[in-house]
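Hi everyone, thanks for coming. Please have a look at the structure on the screen, and then I'll walk you through a few spots in it.

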Amino acid sequence: MTSALFIPELGQLAMILALCFAVVQAVVPLLGAWRGDRLWMSLAQPAAWGQFAFLLFAFGCLTYAFMTDDFSVAYVANNSNSALPWYYKFSAVWGAHEGSLLLWALILGGWTFAVSVFSRQLPQVMLARVLAVMGMISIGFLLFLIMTSNPFTRILPQIPVDGHDLNPLLPAICLILHPPIPHLGFVGFFVFFP
């Protein structure tokens, strides 16, 4: 057994840790803004960075599972096969419900990270509140992802030999980039929401 066998479990752990960072991001800075505690408000930015880092790691773990044909992961087995070219395996990561939600959460984490980095000129109270609201939105997505749409669920003990196949609508070059681009725009509206 190699350590690569535990990559999906590391991805699952990374999603849980991202959820923990989102809870800290949603609660502590908001309480700090209410109490006027600058230290608590200042935790919004590192919490946003931690959340994004763990979501990026989780997405990388799922991508690795697709690229290495890890058919012990149900999502990989149902949406890929060993005969797919690498670029379709990569786009299969977001080709169905669970991976698309993980991509959505990753993009939300990326936007939150961008707000935390590029909005330092805002008053600290306002930035803490904005990042806290974005953390609350992340909590909803991450809870849904972890509890009902987990892309890292295993299908042990009978692992399919070759997997199934990619959604027949997706094997087209233009559809490799199509889902991430609208996700960037839709999730970007969350920046203006708070």
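**A walk through the model**

Let's begin with tryptophan 94, which counts as buried at 8% relative accessibility; buried here means under 20% relative accessible area, exposed over 50%, and partly exposed in between, with a 1.4 Å probe and protein chains only. Before I go on, a word on the ground rules: this is a predicted model, where local features need pLDDT of at least 70 and side-chain atom pairs count only at pLDDT 80 or more, while totals for chains, interfaces and linings use all residues. Residues are numbered from 1 along each chain as its sequence is written, and side-chain values use heavy atoms, with hydrogens and water left out.

How many aromatic pairs does a search of the whole structure find? The search finds nine, where rings of Phe, Tyr and Trp (its six-membered ring) pair if their centres lie within 6.5 Å, and planes under 30 degrees apart count as stacked, over 60 as edge-to-face and the rest as tilted. One of them is stacked: phenylalanine 59 with tryptophan 94, at 6.5 Å centre to centre and 10° between the planes. Phenylalanine 59 sits in helix H3 (residues 44–67) and tryptophan 94 in the loop between helix H5 (86–92) and helix H6 (97–118), so this pair ties together parts 35 residues apart in sequence. Helices are DSSP runs (H or I, at least four residues), as are strands (E, at least two), numbered from the N terminus. Phenylalanine 59 is buried too, with a relative accessible area of 9%.

Ring pairs also link Trp49, Phe52 and Phe113 into a cluster.

Now over to aspartate 70, in the loop between H3 and helix H4 (74–79). Is aspartate 70 buried or exposed? Aspartate 70 is buried, at 16% relative accessible area. Leaving out residues up to four places away in sequence, aspartate 70 touches Pro8, Ala65, Val76 and Arg154, contact meaning heavy atoms within 4.5 Å.

My last stop is serine 138, in helix H7 (residues 124–147). Serine 138 is buried, with a relative accessible area of 2%. Which residues does serine 138 touch, not counting those up to four places away in sequence? They are Ala22, Gln51 and Leu108.

That's my tour, and I'm happy to go back to any of these spots.
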